Structure formats: structure tokens, C-alpha cells
Amino acid sequence: MGTTCAFLTMQDQSYVSDSARFPAPTSFASTLLLQLHHHICLLHGLSLCSICPCAPNNRSFVEMPDQEMDTFERRKLSAGAMDNDSTLAALRADLTPAPVPKHVWQFIRYTALLQLIVSTLYIVVRICTTGLTASGANGYSDFIPLFVEIFNIVPDWIALFIRSLAKAPDIKQVKPLDFVNAPTVDVFIPCCGEDFEVVIDTIKAACALHYPRHAFRVVVLDDAGSGDIAHAVDELQKAGKNVFYSARVKGQVKDFKAGNLNCGAKFVATLPGGAGEFIAGLDADMIPEPEWLAFVVRHLFSDTELGLVNARQNFYDVPEGDPLRQDLSEVYCFVEKVNYATGTANCTGSGWVVRRKAFEDVNGFPTDTLSEDNCFSSLLRGAGWKIAYADGKELQWGSVPRSLSAHVKQRTRWAIGSLQTAMKLRFRLFPCKDIEKMEMGPRIVEALMSALAVTLQLRIIVFIGMPFVIFTGMPFVSATNMLQVRMVFGLMAFSKLAGVAHQWALLQIAGGLRPLTGDSNSNAWMDPYFALSLAQSCLPARLKGDSGEFVASGRLHSEVGERSRYHRASLHQRLVAFVEHDQIWMHAAVILFCTVGAVNTAMRAFAPEGLTGYSPAIALPKWQALLIFLISRLAWPTTSFAPYVRGCMVPWVYAICSPIVPPREELLSRDPKTGIAHPLDSAKAANRNLGEKQLPLKDIFDAILLVSCCI
């Protein structure tokens, strides 16, 4: 019979003491007394005292037959390291923020529903008035601005529909974890060619988590088979860290990160102690805070219906001003909170912990989509599991893409992956065995998200149609009499006022105005990239098709070093690279057409002969006719010239005034003894800037102008 030799502590309930001061218990009563003393220490939040058997100086060797040890005991033996009072504090610390009051969620629902109804009524009236004017001199060309407007507002309309279904999440009281029986966790760190220093920093920080060391282990899943990383992991093992390394043999099927994670789940089953009760995941560039694992696992430990819990992502190298909106504040401060309130919280790629039983119920991560985390979330709900978004303390810090091209590559991959997921699950509308247990509420919301993934690809219509309408001087709204003008302008004014009330409610959960400003116009510059990536993904390789293969963002480096303080190319070189490689000439063309059209429209408005009215059939005062003429062509709230052009200028402003980001090491504070690095507070500041918590006056001003046109 084989034997295993390892350190044991009091929580193993079987040990041999080598300390004359504290002999091993020889009776059931003495064992019970020692256990009682140990639990009293933990209950009062005390560090382990000198007489506790689990104190570091009182651990000792023991031999146990292999066949007499269960899986949990094997896991504890495999760690061979002790915990400190920081771990005990993390197991009991309540980092969960105060929940958003129910009346705030109710106000969000009602204002979203109100704005949705008014917007729908406005579109119906617009279609009717356009149909009446189409028989005039312009013919059916009046429908062109209508189609552009509809495609521009559909994403916002779907978002309103989703928020109208939100309600206060049923958050159960989070229980403190028990040091003795803490759930076992396998922490996966998948990597594939990222910089060595980046990956090692994540591994070292993961090894130092404030979680009982007998209950977790770090598993590095290296798809690049790096010898340097393998050697570093081996050195950490020799230093007593509970970390393992795995580099799978890839097959012909390219399954990328999802396949790597699935392979890791099989790998840990072969390790001493077998697979853990939970699986956690960190991106290779995501440095966890010590409390991360204990905080997230506590949610799963407290609610057996939860299959997965995800923590918010933060970034320490966001450039000043964040011109590309890389901090993802709209996702983690706003969108994911709403998703959680509708029962559709998502796994967002890093910082998640999933119950192994739930993982096995859906056969792991799907390998036939580039958005494996999003699809995995739907599959879990389809299997009857719930997902929670653990908002609260900043628990992980990662790195944003370092260049414009890397940013575009990342976002287009997400867009294509979302569309692939929608098609795989039959848009969540039609019968699909993968999601047959999904509840009706989340299913409706996910169907709306599928529609959102489709409309994202169709926004190329707006990118082409908007400059066409502005350049030709066509009005975005048209009418044949004053009643139609009052109906269209009045409904739009009412919609803007309802939007102000709705935005006030959203500010209460977003924490600032910045997460709420990522609308369609501000992201207009991404529209052609979405369309191009979709077209390339459908073309065969011989026609320069691109399947959108997964490439880790950390592997994508800038050719011109636009953010580097020391290796930055000249302005001329940067512009040439951006125009040729990133095709920002498309945005220049849109800006040119829109500007020329706007100038021409303004010249027509202020021409010496003046304007006779909104149309020949409507007699209006000169000031009112001028106001209607300009608003209907250049400043209509849903298709306004200025915000759209400003959105298209983003890549050009970035190219000319590229923000400088300090070298990575200057953003980190590194422990000279352990080598563990965490971001400096100054590096975290950009990610924490959510803007002012007050309403902008623009929407109110727009509503006043629209009402003045109806008088």
C-alpha cells in the first residue's frame, strides 16, 4: 500500500505533533476541545494563537495510506502551505456594496417604458407623415432619411426595452466562508504568447490570494508552450507555491481559449486530490487583488442555485482622456448591472468563478464561437443555473489594447462572436435544446440581445446614409401641414424629456455620467469595422477572407508605437500607418461629406431671399421657419450632425494626438521580496473617473427648441 507524506493541520483532524509543548491528542475529548478553541479564535476574527494546532509552528508530518484519504484531504495535503490572518479577514469581509433601492429600479423601469412608448409612437407618426409627403415633388426619396434614422435609434430602442424589464435583483445574504471547510477551487490562467512579465505577474498575484491555501491551486494553461513560463512555474513550485503548468497538444480543430479552458478542466482531474468544487478564471494580463477569490466564492457558497459569479474588470493603463473608451465603464458600471437586474448577467472573460457541476452540465465552454464567455452564460441559464454579477470593490486589474488596430481587432471579435452565439442558439427565439430550461424573462432579454448583435452589423447603413442625407440637404423629417409638424416635433420633445428622467434614474446605478455616454453616435467610428469584419468572416481564404480567429489582445503590438514615450513614430508615419492599415480614410470621407453638406445647408438657410416656411404649404414666421429648417436637417436629436461627426473624428484625433502611456513597470508597485506587483493608485485613477453625477442640460435645451417649433 502506497503512502503520502505531507504537512497536515488541525483542519485535517488527524496529525502527529513534534512539539513537546503541544502533544498530539490521545482522546476524543481532547480533540474536541482543541477544535472548539480553534473555532472560537476564528469566530472572533483572531489570528491563530500559539496553542492552535493549525498555527504554523505546530504543523508536522504524518503518513496516511493513499486508499484512506478522500479527495478533499488530498487537496489539502497537496498545498503544503499555511494561511495567515489576512486570509481569515478576506473570508469574512463583506465587500458587497449597498444594493440599489427598489424604488430606483422601479423608476428605471417606468421611465424606460415611458420613453419606449413615446419613441414607438414617434416612429409610427414619422412613417405616416413620410408616406403622405412621398407623393410630393421629392417622391419616395423622403424614405431614405427615415430608414437612416430608424437604423440609428434601433440599438437605443432595444436597450430601453431591456431596461423596462429590469427589477431589483434578489440578492441573498452573503455568508462568511469557513476556514476549515472552504470550497476547493482551481484557478485557471490561460495564456497564449503574451509577454512573459505580464503572465508571471498574474501568476504570482494569484498564488498570493487571501484564500485558505489548502483549498485552492493555480493552474497555468499555456497554449503557446513557452519554455520560459514553464521554468518560472517550476521555480514557484520549488518555492512552495501551489501552482501547476499545462501545455496541451493542439489538434487540427482551432478551439482557442475555450478549448484551452476545457482542456484545463480535464487536466486538474489528474492532479493529486482531483478536481476542485469550483473553477475560476483569470486572463493572462489580469492581476487579481488578494480578496478576489474569497469575495466571489462567497456568493456561490451562499446560494446553491448560482452556477457562476463574475467580478468587475478594471484597467490600470487606460490612457489619459481615454479617447477610444477602453475603460469599459459603460459595461461594468451600467450594462452588467442592468443585465443582472433582468436575470441575464454574463461571464465577461476574467474574474469569474463557476461551479464545477454547472461547468460539466453544459460540457464546458463552447468552442464554435469567438464569444465563448457570452455563449457559456446562455448555456448555463439554459441548463437551469443562475448567474450573478459581483459588483463592489475593485478586485482585478488588467491591461487595455495598446493600439488602435488592437482595439479594433478586439471589438470586432466581440461583435462577430455575439452574432455567432445568436445564430448558434437560434436567436433565443426558436426551440433550441441547449437553452430549453431558460426562464421566459431572461429568454426575452437574450432574444433582444441577439437582435442587438444583428443591428450592430447593419449600422453600416447609417455610416453611409448619414453623410448622403446631410450632403444632399434632405430634411430628416418632413411634413405637409402644421399639424404634422406639431405631432412630430412634440413627440420628439416629449421623448427627450422622458429620456432626461430616465437618465437621472440611471445615474443612481452608474455612479457618474461617463458610463451613460457611450451611445450610437459616440461609437459611430466603429461601424465600418463591424461591417468589414462580418464580410471578411464570410469570405473564403482565397478571397482574403478572415475567419476572425482569436488572438490575445496582449499579443497585438503597435507598429508605430503611438502610445510609447520613447519609441513613438513621427506624426507623418503614424498618419500613413493609420490611413493604410486602419482605413481611417473612410472616416475622413464621412467628415468631409457631412461638413460640406452642413455648410451648404447653412448657406441656403441664410440666403438673401430667405425661407418662405417649412414647406410652401405652411406659412410660418421667419424665425420659426429658419429654426425648423435647420433643426430638421442638421440638429434633429436622433440624427444630429455635430455628435455624429464628432464620433467619426475619434480615430483622427487619436492618430494626431495619440495619448502617451507610461511603461508598464512605472504603473506598478512591486514588492521587492516577493516580486508581486499591483497597480499604483495613480494608475487606477483613470479607471475610477466616472464623470459628474449630474444631468447634462443638452437634452432639456433640445426639448425647449423642439417645443418652440410647435408653437
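In the predicted model, helix α19 meets helix α20 through a defined set of residues. Ala 598, Thr 601, Arg 604 and Ala 605 contribute from α19. Leu 626, Phe 629, Leu 630, Arg 633 and Leu 634 contribute from α20. By class, the residues of this contact comprise 6 nonpolar, 1 polar and 2 charged. Helix α19 spans residues 585-605, and α20 spans residues 622-634. Their axes come within 10 Å. The crossing angle is roughly 170°. Angles over 145 degrees count as roughly antiparallel. The two helices, α19 and α20, are therefore roughly antiparallel to each other.

Salt bridges were examined next. The structure holds 24 of them. One joins Asp 195 to Arg 402, with 3.2 Å between the closest N and O atoms. This pair links distant parts of the chain, 207 residues apart. Asp 195 lies in the loop between β3 (185-191) and α6 (196-207). Arg 402 lies in the loop between β12 (396-398) and α13 (404-424). Asp 195 has a relative accessibility of 27% and so counts as partly exposed. Arg 402, at 27%, also counts as partly exposed.

A further salt bridge pairs Glu 666 with Arg 565. Here the closest N and O atoms are 3.6 Å apart. Glu 666 is partly exposed, with a relative accessible area of 42%. Arg 565 is likewise partly exposed, at 42%.

The side chains of Asp 255 and Arg 248 also form a salt bridge. The N to O distance is 3.0 Å. Arg 248 has a relative accessible area of 17%. Buried means under 20%, so Arg 248 is buried.

Asp 201, Arg 664, Glu 665 and Arg 670 are linked in a network of salt bridges.

Conventions:
Residues are numbered from 1 along each chain as its sequence is written. This is a predicted model: local features need pLDDT of at least 70, side-chain atom pairs count only at pLDDT 80 or more; totals for chains, interfaces and linings use all residues. Side-chain values use heavy atoms; hydrogens and water are left out. Axes are lines fitted to C-alpha atoms, for helices over the stretch in contact, and angles run from 0 to 180 degrees between N-to-C directions. Helices (H or I, at least four residues) and strands (E, at least two) are DSSP runs, numbered from the N terminus. Angles under 35 degrees count as roughly parallel, over 145 as roughly antiparallel, 65 to 115 as roughly perpendicular and the rest as oblique. Contact means heavy atoms within 4.5 Å. Ala, Val, Leu, Ile, Met, Phe, Trp, Tyr, Cys and Pro count as nonpolar, Asp, Glu, Lys and Arg as charged, and the others, Gly among them, as polar. A salt bridge is a side-chain nitrogen of Lys or Arg within 4 Å of a carboxyl oxygen of Asp or Glu. Buried means under 20% relative accessible area, exposed over 50%, partly exposed in between (1.4 Å probe, protein chains only).
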